Amino acid sequence: MVSGIAVGLDKGFVTEKRKAVRPSARKGNPINKRVKFVRDVIREVAGFAPYERRCIELLKVGREKRALKFVKKRLGSHHRGKAKREELSRILREQRKHTGETVAVKGKGAKKVKK
């Protein structure tokens with residue numbers, strides 16, 4: 001509690017506390033259809049960034065933890081890294097669903113993915 005006096009434990013100018021506004025990205029709003037469409041078109045045209053391709057390769061060989069550490073370092077935070085890893089693994093699952101590709105599982109050899 002600030003007293004407005006220049007000396008003492010509670011010295012300083014009296015100000016009004018401001019409420020912190022939550023960023024809209026964290027409110028949990030669903031993605032707009034148009035925004036989703038535009039992002040899909042950009043992904044289709046531009047493809048993956050080099051770090052995303054490397055992460056996909058790590059996921060293909062069953063190195064989920066290493067993939068998380070890699071994208072976490074590139075994106076700057078654990079939360080963003082987890083989200084990116086999930087996005088890329090979802091894309092990988094969709095690709096496998098279309099092709100019926102086999103999956104390398106760590107320590108067990110290859111396993112066929114059901115269609």
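Visitor: In this structure, which residue forms a salt bridge with Arg43, the closest N and O atoms being 3.0 Å apart?

Guide: The model shown here is a predicted one, and in it a salt bridge joins Arg43 to a partner with a gap of 3.0 Å between the closest N and O atoms. The pair links distant parts of the chain, since the partner sits in helix α4 (residues 78-99) while Arg43 sits in helix α1, 44 residues apart. The partner of Arg43 in this salt bridge is Glu87.

Visitor: Are Glu87 and Arg43 buried, exposed or partly exposed?

Guide: A residue counts as buried under 20% relative accessible area and as exposed over 50%, with partly exposed in between. Glu87 has a relative accessible area of 24%, and for Arg43 the value is 24% as well. By these cut-offs Glu87 is partly exposed, and Arg43 is likewise partly exposed.

Visitor: How far apart are the closest N and O atoms in the salt bridge that Glu87 forms with Lys84?

Guide: Glu87 and Lys84 both belong to helix α4, where they stand 3 residues apart and are therefore separated by about one helical turn. Lys84, with a relative accessible area of 13%, is buried. Between Glu87 and Lys84 the closest N and O atoms are 3.6 Å apart.

Visitor: Which residues are linked with Lys84 and Glu87 in a network of salt bridges?

Guide: Glu87 forms a salt bridge with Arg43 and another with Lys84, while the side chain of Lys84 also meets that of Glu52 in a polar contact of 2.7 Å. The residues linked with Lys84 and Glu87 in the network are Arg43 and Glu52.

Visitor: Which residues does Lys84 touch, not counting those up to four places away in sequence?

Guide: Lys84 has its place in helix α4, and at 13% relative accessibility it counts as buried because that value falls under the cut-off of 20%. Leaving out residues up to four places away in sequence, the residues that Lys84 touches are Arg43, Tyr51, Glu52, Val71 and Leu75.

Visitor: How many salt bridges does a search of the whole structure find?

Guide: A search of the whole structure finds a total of 7.

Visitor: Which helix gives the most to the lining of the largest pocket?

Guide: About 1000 Å³ of space lies in the largest pocket, and its lining is made up of 24 residues, of which Ile31, Arg39, Lys84, Glu87 and Arg90 lie nearest its centre. Helices α1 and α4 each supply at least two residues of that lining. With 8 residues, the helix that gives the most is α4.

Visitor: Which residue has its backbone oxygen 3.0 Å from a polar atom of the side chain of Ser89?

Guide: Ser89 is found in helix α4, and at 14% relative accessibility it counts as buried. A polar atom of the Ser89 side chain lies 3.0 Å from the backbone oxygen of Glu86.

Visitor: Which residue has a backbone nitrogen that the side chain of Asn32 reaches at 3.3 Å?

Guide: Asn32 lies in the segment before α1, and at 48% relative accessibility it counts as partly exposed. At 3.3 Å, the side chain of Asn32 reaches the backbone nitrogen of Arg34.

Visitor: What pattern does the chain follow when it is read along the sequence?

Guide: The chain has 4 helices and 2 strands. Read along the sequence, these elements follow the pattern α-α-α-α-β-β.

Visitor: What share of the residues in the chain is buried?

Guide: The accessible surface of the chain comes to about 10300 Å², and 55% of it belongs to carbon and sulfur atoms. Lys84 and Ser89 are among the residues that count as buried. Of the 115 residues in the chain, the buried share is 18%.

Note on methods: Residues numbered from 1 in each chain as written. Predicted model: local features only at pLDDT ≥ 70, side-chain atom pairs only at ≥ 80, totals over all residues. Heavy atoms only, no water. Buried < 20%, exposed > 50% of the residue type's maximum accessible area, 1.4 Å probe, protein only. Areas by Shrake-Rupley, 256 points an atom, 1.4 Å probe, with all protein chains shown as cover. Salt bridge = Lys/Arg side-chain N within 4 Å of Asp/Glu carboxyl O. Polar contact = N/O pair within 3.5 Å; in protein donor to acceptor, adjacent residues only side chain to side chain. 1 Å grid on protein atoms, 1.4 Å probe; cavity = no way out; pocket = protein on both sides within 12 Å on 5 of 7 lines; lining within 4 Å. Points joined across faces, edges and corners; volume = space filled by probe spheres on them. Contact = heavy atoms within 4.5 Å.
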